[in-house]
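Please look over the briefing below with the sequence and the structure side by side.

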Amino acid sequence: MLLLFFIGVGVHAETEALQAEAYRTYESVEIDGELTEADWQNATSIRQFIQFEPDAGAPLTEATEVRILYDDKYIYFGFVCSEPDRSKIVANKMRRDAEMWDQDNVFVLLDTYNDRRSGFFFRVNPLGAREDVALMDSGDSRNENWNAVWNSKSKINGDNWTTEIAIPFSQLRFKDEETLTWGLNLGRTIQKNQEEGTWAPVPAAYTFLARYRTTNLGTLTGLSGISQRRNIEFLPYLLPGVARTEEEGTVGVLDFGADMKVGVTSNLTADLTVNTDFAQVEADREQANLTRFSLFFPEKRQFFLEGAGLLDFGIPRTSFNAPPPLLLFYSRRIGIEDGHAIPILAGGKVTGKVGGFGVGLLNVLTDKYAADATENVDAVDVDRRNYSVLRIKRDLFTGSSLGMIAVNKQGLDTHNRATGVDFIYRPTGSMNFRGLWARTFEPASTQDNPINTQQNPENTNALYFGGNWQSEVARVNASYTDIGEDFNPEVGYVYRTGSRWFRGELRGTPYLHWYGLRRMWIGPEIDIVLNSDNQLETRTFIWSTWLELETNGWGGIRIYRNFENLTEDFEIREGIIIPSGKYSYNNYSLMLNAEGNVFNGRVGFNIGDFYNGTRRGFDIRLDLRLTGRFSLEPRYEFNRVTLPQGTFDTNVFGGRVGYSFSTDLFTKLYVQWNSDRNLITTNFLVNYIYSPGSDFYLVFNQTYGTDSLTSGLLDTTLVGKVTYWWNP
């Protein structure tokens, strides 16, 4: 790790300058996917697109052309994508924010601050499905639940497909200047060849994440005379409905509230909320927990997702599915407590740029709330609370930064506070280093922890330093994490306190292009965790081998060598206890994935020892899309754990059935079952975008008990929710 650091000192990434020019139009542009307005022909054409997958540096195999227009309110992008055989176009999703990695698509990446650190990513497929993502930290941090109000249409023609995109300037943040210069990239995916390419070349070492790289952009010029009126957006909602529970019977529901967005400056935006409601938010995905540590669930509530990347402060995940080791601010601690939704009375947030500084400020007030325990949910009784977060990041060099954060949770008679500093240093486009220090503060004695007087300030610290380097043929990363046993950010998330964690990973990632194999991923990973007394608690050695096929699909095997030193008994399930002691055991996992135009499927198997017993299991995920309108996505995970103290099974089922009538009207049924919780939950949603930014939702939820004590229907909720986006 130190070797990587010293090699990189003083070296900075450089990107070849590419320029595109936007053409000002004074005629009305109809977003119909046809590019028939005369000014589309007056705009400069962009035709140079370079692959980063699978043949890095080669031109895209199908001709692609982009033109850019703008007027006082919108910036427009028109794509013409050649495809001689329209039957080979892969497009079977229409719903807003559908994942499009397995579709033909085009994208626009705008770095409106022109700082090569952040950006807005817009993607459209041939059926007109839209996806938008907010990018931070040079694309390493992505807010995929961010939503802007924009419009697009696509059309499949005889030998090509076309897309028109209109993005309001009011949805973007940029400097208040007469002439604007933005960072820009444009891209296209040709799924029949598993091929991706961009206008500004991006490093193939980042594989599919390369499309998000904001350090590798061209320049967009020609934008001038954009009026900088103060943007104000108002989004009120009305929610009528009925709810039925066994305890309260059937009761009526009528609620209303509002969100507001105000452009404080061209670079700073304030988000305000009153009586916030999240009725339309999908339930958390059920998980089976076979560890000693708490589960992690992502944030899905829109108010907290706006500008969320700027408030990020924590340790990067070790893999996509792993929980983060530490987040100093975890917004799910606000308004959610022990499975209960705590009313949010009001909140405000300011995010944006001030000179070379990124600034984030959040303040939320929650109401007092009390509820009795049920068979599946704990009792809760909380007072009114206030939550505040201040985040500042200073831009340095190319893609580097230095930042600080302060977090406060204030109750009536107690508080919990946290602060920290962090940095990102990117000496080259293929190398980066990250580090942070944080500390928590709380009263010496609280109602929840009356013996807190024995805390040692040194045990309330957290420290992290890590480095990463990657190329097309290999990647290396290493890190050190130290989290004190009394480190307690109550508005954050910590996977494991009282630990010193050494981690290293080496991967060979060569392209093969022989016998139907595209690429190999192979190499070791080691994790060593010591407790606060420097005694070994966990050691995990993993050997991974993955093979990617030239024709859609991949597969791999992982071999685990585990050591666990349990210093106290571990009750893994009620009545089943793994005694304290030292355990060494091996286990193995195999995963296969097949991808097609209509059917995607993944199956995984795990087998081996588990502490002083055994574990057997499998995981099946399917994605069936007969047309662009209908989708079926079942998922089932099973584990059987056999221990001397007893045997138990875990079953987690989740299934989505969706139907899209158009890109603005879709329905979805989501069903889940978790045998650990003895619950079946169903969620039926109708979403109609009747005007850009304005939605109608119909939500029908039911919960069923599956054990002998709470069998049958437990509760039912039916609500309608109407929002109206007003942008004067």
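Is E62 buried or exposed at 13% relative accessibility? E62 counts as buried, because its relative accessibility is 13% and buried means under 20% relative accessible area, exposed over 50% and partly exposed in between, with a 1.4 Å probe and protein chains only. The model is predicted, so that local features need pLDDT of at least 70 and side-chain atom pairs count only at pLDDT 80 or more, whereas totals for chains, interfaces and linings use all residues. Residues are numbered from 1 along each chain as its sequence is written, and side-chain values use heavy atoms, with hydrogens and water left out.

**Overall form**

- The protein has 3 helices and 48 strands, where helices (H or I, at least four residues) and strands (E, at least two) are DSSP runs numbered from the N terminus.
- Along the principal axes, the C-alpha atoms fill a box of roughly 75 × 60 × 50 Å, and 53% of the 728 residues count as buried.
- E248 lies in the loop between β15 (232-245) and β16 (249-263) and counts as exposed because its relative accessibility is 61%.
- E248 and D715 are 467 residues apart in sequence, yet their C-alpha atoms are 9.9 Å apart in space.

**Cavities**

- A search of the whole structure finds 5 cavities of 30 Å³ or more, a cavity being a set of points on a 1 Å grid over the protein atoms alone where a 1.4 Å probe fits but cannot get out.
- The largest cavity holds about 160 Å³ of space, where grid points are joined across faces, edges and corners and a volume is the space filled by probe spheres set on the points.
- Its lining, made of residues with an atom within 4 Å of a point, has 20 residues, of which R95, R625, S631, G658 and S660 lie nearest the centre of the largest cavity.
- At least two lining residues come from each of β43 (630-643), β44 (646-662) and β45 (665-674), and β44 gives the most, with 5 residues.
- By class, the lining has 6 nonpolar, 7 polar and 7 charged residues, where Ala, Val, Leu, Ile, Met, Phe, Trp, Tyr, Cys and Pro count as nonpolar, Asp, Glu, Lys and Arg as charged, and the others, Gly among them, as polar.

**Salt bridges**

- The structure holds 51 salt bridges, each being a side-chain nitrogen of Lys or Arg within 4 Å of a carboxyl oxygen of Asp or Glu.
- K192 forms a salt bridge with E62, their closest N and O atoms being 3.1 Å apart. This pair links distant parts of the chain, 130 residues apart, with K192 in the loop between β12 (179-190) and β13 (195-198) and E62 in the loop between β3 (50-53) and β4 (64-70). K192 counts as partly exposed because its relative accessibility is 32%.
- D422 and R391 meet through their side chains in a salt bridge of 2.8 Å, N to O. D422 in strand β28 (residues 415-428) and R391 in strand β26 (residues 385-396) are 31 residues apart, so this pair too links distant parts of the chain. D422 counts as buried at 13% relative accessibility, and R391 counts as buried at 0%.
- R503, E505, R507, E525, D527 and R558 are linked in a network of salt bridges.

- In strand β8 (residues 130-136), 7 of its 7 residues are buried.
- R130, D132, A134 and M136 point one way from β8, while E131, V133 and L135 point the other way.
- Strand β7 (residues 119-124) runs antiparallel to β8 and is joined to it by 6 bridges, two strands being paired if DSSP finds at least two bridges between them; R123 stands opposite E131.
- β8 is also joined by 3 bridges to the antiparallel strand β9 (residues 141-143), in which S141 is the bridge partner of M136.

Conventions: On a 1 Å grid over the protein atoms alone, a cavity is a set of points where a 1.4 Å probe fits but cannot get out, and a pocket is an open set with protein on both sides within 12 Å along at least five of seven lines; lining residues have an atom within 4 Å of a point.
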